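This report examines how parts of one protein chain pack against each other. Please look over the sequence and the structure before reading on.

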Amino acid sequence: MLEKKTRFYEKPMPLMKFFSIVCALVMLFNFVLITCDVFMRFVFKSPIQGATEIVTMLMAWVAYAGLAYTMSQNRHMQLGAVYDKLHGRKKHIMSFIIYAIATLMFCIFVVASWKIFWVSWEIHEKAVAAVTVYVFIGKFGTFVGWTLLAIQSAFMMVYSIQGIRDPENVEPIGIVSEIPDEEELSAFEKEGEKR
C-alpha cells in the first residue's frame with residue numbers, strides 16, 4: 001500500500017499557487033475594468049481611455065500565470081486512452097516521455113519569450129492608444145508563464161524517474177477526468193436499479 005505523502009512534483013506548489021492567485025487577481029481587475037468601461041460608455045458616453053488595450057495586454061498573465069498550477073493539479077488536457085491502460089513501470093515511463101518532451105518544449109519557449117520580452121523592454125514598447133500602455137508587461141507575463149510550466153514539468157519528469165526506479169512505492173501521476181470510468185458507470189447503473 002502506498003503511503004500518502006507529498007509527491008516530488010508537488011514541491012513547487014506554493015509558487016504555483018501564488019501565480020494562480022496572481023492570475024485570478026488579474027482576471028478580477030480585467031472584469032472590473034471592463035465593467036466600469038461599459039458603464040461609463042453607455043451611461044456617461046465617456047469610455048475609459050485605454051481600457052481595451054490594458055485588458056488585452058494583461059490577458060497574457062491570465063493565459064499563462066495559471067497554467068503551471070493547472071498542470072500540478074493534473075487538470076491539464078490529456079489523452080488518457082493509452083495512458084490509462086498502462087500500469088506500474090510502464091505508466092511511469094510514459095509519464096517520463098511526456099514530461100521530458102514538455103520540459104524541453106517549455107524551455108525553448110522560455111528562451112524565446114525572454115528574448116521577445118527583453119527587446120520590448122529595451123525599446124520601451126508601447127501600444128498605440130489614448131493612454132500609454134507598455135507592451136513589455138504582457139510579454140513578461142508570457143515569459144513567467146513558460147518558466148513556471150518548465151519548472152513544474154521538470155519536477156514531474158523527475159518524479160517519473162523516481163517511479164521508474166521504484167514503481168511499487170511511487171504512485172503514478174494521475175489524470176483527473178470528469179468522464180466516469182467503467183467502475184463508476186457500473187456503480188451508477190446499480191444505484192439506478194435499486195431505485
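## Cysteines

A search of the whole structure, which is a predicted model, finds 0 disulfides.

## Packing of two helices

Two packed helices are described by the angle between their axes and the distance between the axes. Helix α2 covers residues 51-65 and helix α6 covers residues 136-165. The angle between them is about 5°, and their axes lie 7 Å apart. Helix α2 is therefore roughly parallel to α6, since angles under 35 degrees count as roughly parallel.

On the α2 side, the residues that meet α6 are M57, A60, W61, Y64 and A65. Their partners in α6 are I137, G138, F140, G141, T142, V144, G145, W146 and L148. The residues of this contact comprise 10 nonpolar, 4 polar and no charged.

## The largest nonpolar core

The largest nonpolar core holds 30 residues, of which W61, F106 and I173 touch the most other members. The elements that contribute two or more residues to this core are α1 (13-43), α2, α3 (67-72), α5 (89-122) and α6. Helix α6 supplies the largest share, 9 residues.

## Surroundings of W61

Which residues are in contact with W61, leaving aside its neighbours within four places in sequence? They are F19, V22, C23, V26, G66, I137, G138, F140, G141 and V144.

Key. Residues numbered from 1 in each chain as written. Predicted model: local features only at pLDDT ≥ 70, side-chain atom pairs only at ≥ 80, totals over all residues. Heavy atoms only, no water. Axes fitted to C-alpha atoms, helices over the stretch in contact; angles between N-to-C directions. Helix = DSSP H or I, 4+ residues; strand = E, 2+ residues; numbered from the N terminus. Parallel < 35°, antiparallel > 145°, perpendicular 65-115°, else oblique. Contact = heavy atoms within 4.5 Å. Nonpolar A, V, L, I, M, F, W, Y, C, P; charged D, E, K, R; others polar. Core = buried A, V, L, I, M, F, W, Y, C linked by side-chain atoms within 4.5 Å. Buried < 20%, exposed > 50% of the residue type's maximum accessible area, 1.4 Å probe, protein only. Disulfide = S-S within 2.5 Å.
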